[in-house]
Amino acid sequence: MSSMQFTVLWLLGLAALGTEVFALIDAIRHPSAAYPAADKRTKPLWVGVLAVSAAVGFVMLNSVLSLPGIAAFVAAAVYLADVRPALRQITGRGAPRRW
């Protein structure tokens with residue numbers, strides 16, 4: 001593999017890992033009661049899924065386009081696209097700002 005391809009894949013892996021770690025930290029910061037209130041399973045479930053996702057993302061840093069790497073990123077993306085907005089609405093952190 002050429003060094004340019006390796007660099008691009010490594011940067012993609014780093015971006016995916018950053019997304020997975022961000023999702024994990026965000027899931028830890030929300031209170032446990034907010035998850036059932038938002039009808040999004042439980043906090044231990046999401047923290048567990050995202051912890052495994054971040055671990056897989058770390059291990060698969062150089063092969064982000066493999067099936068485990070893609071699955072880890074998809075888990076974080078589902079949390080960020082679906083669960084996080086619902087939690088922010090329940091906790092009041094997602095209130096629109098008025099400039």
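This report describes the helices, core, salt bridges and loop residues of a predicted model.

## Basis of the description

In this predicted model, local features need pLDDT of at least 70 and side-chain atom pairs count only at pLDDT 80 or more, while totals for chains, interfaces and linings use all residues. Residues are numbered from 1 along each chain as its sequence is written, and side-chain values use heavy atoms, with hydrogens and water left out.

## Overall architecture

The protein has 4 helices and 0 strands; helices (H or I, at least four residues) and strands (E, at least two) are DSSP runs, numbered from the N terminus. Along the sequence the pattern reads α-α-α-α. The C-alpha trace spans about 50 × 35 × 15 Å along its principal axes.

Of the 99 residues, 31% are buried. Buried stands for under 20% relative accessible area, exposed for over 50%, and partly exposed for what lies in between (1.4 Å probe, protein chains only). The accessible surface comes to about 6300 Å², and carbon and sulfur atoms hold 68% of that surface; these areas come from the Shrake-Rupley method with a 1.4 Å probe, and for residues only the protein chains shown count as cover. Among contacts (heavy atoms within 4.5 Å) with a separation of 6 or more, 68% join residues 24 or more positions apart.

## Helix H1

Helix H1 runs over residues 3–29, and its 27 residues should span 39 Å at 1.5 Å a residue; the end C-alpha atoms are 39 Å apart, which agrees. The expected span of a helix is 1.5 Å times one less than its number of residues.

The buried residues of H1 are Gly13, Ala16, Leu17, Glu20, Ala23, Leu24, Asp26 and Ala27. Their cover includes helix H2 (34–37), helix H3 (43–59) and helix H4 (67–91).

## Helix H3

The 17 residues of H3 should span 24 Å at 1.5 Å a residue, in agreement with the 24 Å between its end C-alpha atoms. Lys43, Trp46, Leu50, Ser53, Ala54 and Gly57 are buried in this helix. They cover an arc of only 100° around the axis, which puts them on the same side of H3; the arc is that of the directions from the helix axis to the C-beta atoms. An α-helix has 3.6 residues a turn, so residues three or four places apart point the same way.

Pro44, Val52 and Val59 are exposed on the other side of H3. The cover over the buried residues of H3 includes H1, H2 and H4.

## Nonpolar core

A nonpolar core is a set of buried Ala, Val, Leu, Ile, Met, Phe, Trp, Tyr and Cys residues joined through side-chain atoms within 4.5 Å. The largest such core has 14 residues, and Tyr35, Trp46, Leu50, Tyr79, Val83 and Leu87 are those with the most contacts inside it. H1, H2, H3 and H4 each supply at least two residues of this core, and H4 gives the most, with 5 residues.

Beyond its neighbours within four places in sequence, Trp46 is in contact with Tyr35, Lys40, Arg41, Ala75, Val78, Tyr79 and Val83.

## Salt bridges

The structure holds 2 salt bridges, a salt bridge being a side-chain nitrogen of Lys or Arg within 4 Å of a carboxyl oxygen of Asp or Glu. One joins the side chains of Arg84 and Asp26, at 3.2 Å from N to O. Arg84 lies in helix H4 and Asp26 in helix H1, so the pair ties together parts that are 58 residues apart in sequence. Asp26 is buried, with a relative accessible area of 6%.

Another is formed by Asp82 and Lys40, whose closest N and O atoms are 3.1 Å apart. This pair links distant parts of the chain, with Asp82 in helix H4 and Lys40 in the loop between H2 and H3, 42 residues apart. Asp82 is partly exposed at 38% relative accessible area, whereas Lys40 counts as buried at 18% relative accessibility.

## Loop between H2 and H3

Most residues other than glycine have a negative phi. Asp39 is not a glycine, yet has a positive phi of about 60°. Asp39 lies in the loop between H2 and H3 and counts as exposed, at 67% relative accessibility.

Arg41 is also placed in the loop between H2 and H3. Its phi is positive, near 65°, in a residue other than glycine. Arg41 is exposed, with a relative accessible area of 63%.
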